[in-house]
Amino acid sequence: MASWQCIENAGINPLTLSGQACGVFVGCEEGDYAKLLDEQGLTASALLGESPALLPARIAYYLNLKGPCLAIDTACSSALVALAQACDSLLLGHCDLAIAGGVYVITGPEIHVKMSQSGMWSPEGRC
């Protein structure tokens, strides 16, 4: 699990966080990962891909964390907003430690085609 590795890379033993006021803030949205997994049949992995709200909850449950737990979807800025929310939570004393990150898996061209059709891409290729 990537969260476990990140905690270890920070020099913390993940087992020491059990029961602690550690928040989990994840920038995520549905994407199309669940569609890819659906081709393999009904699986627990497909469930996690279908509901982004489950991602931070599973991390908190797995590590037995007792702080705030939020899935954040603000499109392209989701990971940055998750980090900002984690900082705010620390400053406000809602948690003593926070895990923040973002993930969005795109496995096919559909989202890019739809965005192009809706005029969301720059004609000059610039933001």
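Helices (H or I, at least four residues) and strands (E, at least two) are DSSP runs, numbered from the N terminus. The model is predicted: local features need pLDDT of at least 70, side-chain atom pairs count only at pLDDT 80 or more, and totals for chains, interfaces and linings use all residues. Residues are numbered from 1 along each chain as its sequence is written, and side-chain values use heavy atoms, without hydrogens and water.

**Exercise 1.** State how many helices and strands the protein chain has, and their order.

Solution. Step one: the protein chain has six helices and three strands. Step two: along the sequence they run α-β-α-α-α-β-α-β-α.

**Exercise 2.** Find the residues of the largest nonpolar core and the elements that supply it.

Solution. A nonpolar core is a set of buried (under 20% relative accessible area, 1.4 Å probe, protein chains only) Ala, Val, Leu, Ile, Met, Phe, Trp, Tyr and Cys residues joined through side-chain atoms within 4.5 Å. Step one: the largest such core has 11 residues, namely Ile 7, Leu 17, Cys 22, Val 24, Val 26, Cys 28, Ile 59, Ala 60, Leu 63, Leu 65 and Ile 99. Step two: strand 1 (22-28) and helix 4 (54-63) each give two or more. Step three: strand 1 has the largest share, four residues.

**Exercise 3.** List the contacts of Leu 65 beyond its neighbours within four places in sequence.

Solution. Contact means heavy atoms within 4.5 Å. By this test, Leu 65 touches Leu 17, Gln 20, Cys 22, Val 24, Ala 60 and Ile 99.

Technical notes. Buried means under 20% relative accessible area, exposed over 50%, partly exposed in between (1.4 Å probe, protein chains only).
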